[in-house]
Structure formats: structure tokens, C-alpha cells
Amino acid sequence: KEFDDCTVAKILELVENASSQKAHVENFITKFAKYYTPAVVIIAAALAVFGSIFMSGGVSEAIQRACIFLVVSCPCALVISVPLSFFGGIGAASRRGILVKGSNFLEAMAKTDTIVFDKTGTLTKGTFRVTKLAPVEGSSESSLLLNTATAEQYSSHPIALSVLSAWKEKNGKELAKVEDAQEIAGKGLKVTAGGHVIHAGNQSLMAELGLTVPTPEEAATVVYTAVDGVYSGYLLISDEVKEDAKEAISRLHHVGVKKTVMLTGDRKAIGEYTAKLLDLDEVHTDLLPADKVSYVNDYCNKKTKGRMVCFVGDGINDAPVLARADVGIAMGGLGSDAAVEAADIVIMEDQPSKLADVIQIGRRTVQICNQNIVFAIAVKVIILVLVAAGFANMWAAVFADVGVAVIAILNAMRTLYYKPQK
């Protein structure tokens, strides 16, 4: 690809633009400073005017007290430390191979209590292999594999690639040239080759052709094949669960995520087997891409106020769901460009266990940010009252301004070096 369209360029763009998406607390501080600054200037002016009338020290003491008041009231501790906390949090995440597109998404992860997963390529490796060939009586395994591979040869789907790989291993011969190919969304493929019409896909595709097919008991993906409208058999294709997938779900429950859900287009037996293996709370199977959007939409509508719903996916068909969820997370290592583009957070190493890391980093960042806000406002309010009453001098004002800012900045820098707990 050209540089502007390559993965490296997209990653650089994500990093450069991460600060443009502000968290709610950052927006609050911006609005707060907008009203706070003119308010304290007016109060300082009033202190100078009325102080010169009512204070025993006269005009000079009143002006000095007003100047001290202004020094104390400077909001730089808030304006600097709050964005810096989120910059540090984004930096801490990037050190672990997690790219966060904006501080608002890091803040949202701190409030996430429902995480919805795609299955293939997210919780599983997405590396399929043909484990069984089941032709109808009177037909051969070689014939079934040949017809299925012929139908799948122009598809880039991982399942199609596994069928082609199995054909090359067993035969290695060139496949018949396809004269016409049609993808049937969410169901399979229809091709014309060698004078025959071949259908390869799931049970729904066979039902469209009016064919009754067996349902295998094994927890594997099934590809059914029909030639000229006649059922010819099925292939079983297996996928492996990622090594850290079970650990990822366990850690998510440990950090307080209330619900973990898996949405998959696979049949019920596979989905329930994987969900039980990983200890997921819910699983929904036999879904088309539009069905996934519908489920995530329902979770978003039913969520508790102040809580967030996160979706984790990797394929191009996950892009609409990633965009719909409160926070969309894409597996960037093997994920499609469309998924990475639509996501708010990208996990570059394709490790589900990184999800708990980003939640912990988000919570720690918000915690430190709140510490800075409370500390800065509390110190300033106390010293402002003391200045107005004449009990604080310029040294106290310098501490309330520069000292508080330095302390808040040092505290904010802790986010950059935070290490999530395993």
C-alpha cells in the first residue's frame, strides 16, 4: 500500500490525534476555567476597591491583598495536571501495545461494566483447519473437498483459506476455473464452474435450496456443500482458543466487569462450548453482522446510568458494531483495516488479556485526575479565604499557585509509570 494507507501511517495518526478527543473531566475543567478566571478577577478588583475604603491599611494594603488573591486563584494546577494525567494514561497504555484514540475513551473504559466479544480472531486464533470430511453415501472425500475448494477459491475468509489449504495438502492440483461467483451475505458462496453450480456455506444456505442436512454433534464450524442443487456432504473446521483468552475473562471479572458476552455467527454447539470453556456469562449464536449490532444496541440501551458497554472485535464485519458500542476495541495485529479505523482503542498484539490492563489504567488515571482536582481546589479555596481575611501573605500565595501546580503535575506523572496488577 501507499504510505498514507499503510498500517504504520494509521498508527502514527492515532497517536498524534489522541489528545484531540477530550475526556468529560477535561471538558469540565475547560468550562470551569472559562467562568472561574473572570470571577476571581472581579472578586480581586472588588477586594481592592472596597478594601481601600474599609481596611485600616488603606489603598496600598488593599491592592497588595488583591494581587495576592490573584496569584492564589491562578487555575494552572488544574489546567495543566488534568490533561497531563490523561496523556500519562494514554502513554502507559501505549507501552503495553494498546493504542487509545482519545482520553474520553480511556475515561469510558474506567466505567465499563459490560464487555461484548466477537469470537473468531478475538477470543480464538482465527487459524482454521479441516478436521473431518463427511460426504454423502456414494460420494468420496476427495470429490467433496474438490467441490468445496472450487467454491471457496476466491474468498479471503479464514474458513475458505483452511479449505484451500486442505485441498493443496491432499491433492495439489489446480482447481477448475470459476465462471461466475456470488457471495451470499452471512450464508456462504455460490459459484459456477465446469458446467456445475456449487453452493458452499452454512445450514441457512442449504435451507434456501430446500435441502435437509445433518447437524454434527462436534463443536466445530460446518461447511455444507451442494452441487446442482443436490446435497453432497459437509466439512468440519476447527479453530483454537487463544492462550490468554481464559485468563482475560478471569481478570475482567476480577477487576469488576459484571457481564462478559460473546456474539458469534457460529452454530449453537460451538458457541456454547467456547463460552463454557472461557467461563463467559452469556453467548448468542447463529448471528449475522446486523444481529450483532442489534444485540449491542440492546445492551447500550439497557445499561446502568454512568456505566459503559464495550465491544471487542477484529473483522471487517465487526466495524458497524465497533462504531455503535460506547467503546469499540479492535484486535490490530490480525484485524482488518476497517475494524481498526472504526475502533476507539486498538490492541496491537491481539491479546484479550490486555483488556483488563486498559480498564485498570483508565481507572487509575481517573483516580489520580480526581485527586489533583480535589487537592488543587481545596488548597486554593482555603488560602483564598485566608488572603481575603488578611491571614495569608505572598509566600502562601506562591505555594497555592506554583507549589500546588508542581505537586499536581508530579502526581499526574504517576499515570505514565503505572503497572496494572495481574
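**Strand pairing**

Tutor: Strand 4 (residues 178-184) and strand 5 (residues 188-193) run antiparallel and are joined by six bridges. Strands (E, at least two residues) and helices (H or I, at least four) are DSSP runs numbered from the N terminus, and two strands pair if DSSP finds at least two bridges between them. The model is predicted: local features need pLDDT of at least 70, side-chain atom pairs count only at pLDDT 80 or more, and totals for chains, interfaces and linings use all residues. Residues are numbered from 1 along each chain as its sequence is written, and side-chain values use heavy atoms, with hydrogens and water left out.

Three residues lie between the two strands, and G186 takes a positive phi near 75°.

Elsewhere, seven strands form an open sheet of mixed pairing, in the order 1-13-12-11-2-9-10. Its edge strands, strand 1 (98-100) and strand 10 (282-284), each pair on one side only. From one strand to the next the twist averages 20°, with axes as lines fitted to C-alpha atoms and angles running from 0 to 180 degrees between N-to-C directions. Strand 1 is joined by three bridges to strand 13 (residues 345-347), and the two run antiparallel. I98 stands opposite I347 in strand 13.

As for surface detail, V402 lies in helix 15 (residues 394-412). V402 counts as partly exposed because its relative accessibility is 45%, where buried means under 20%, exposed over 50%, and partly exposed in between (1.4 Å probe, protein chains only).
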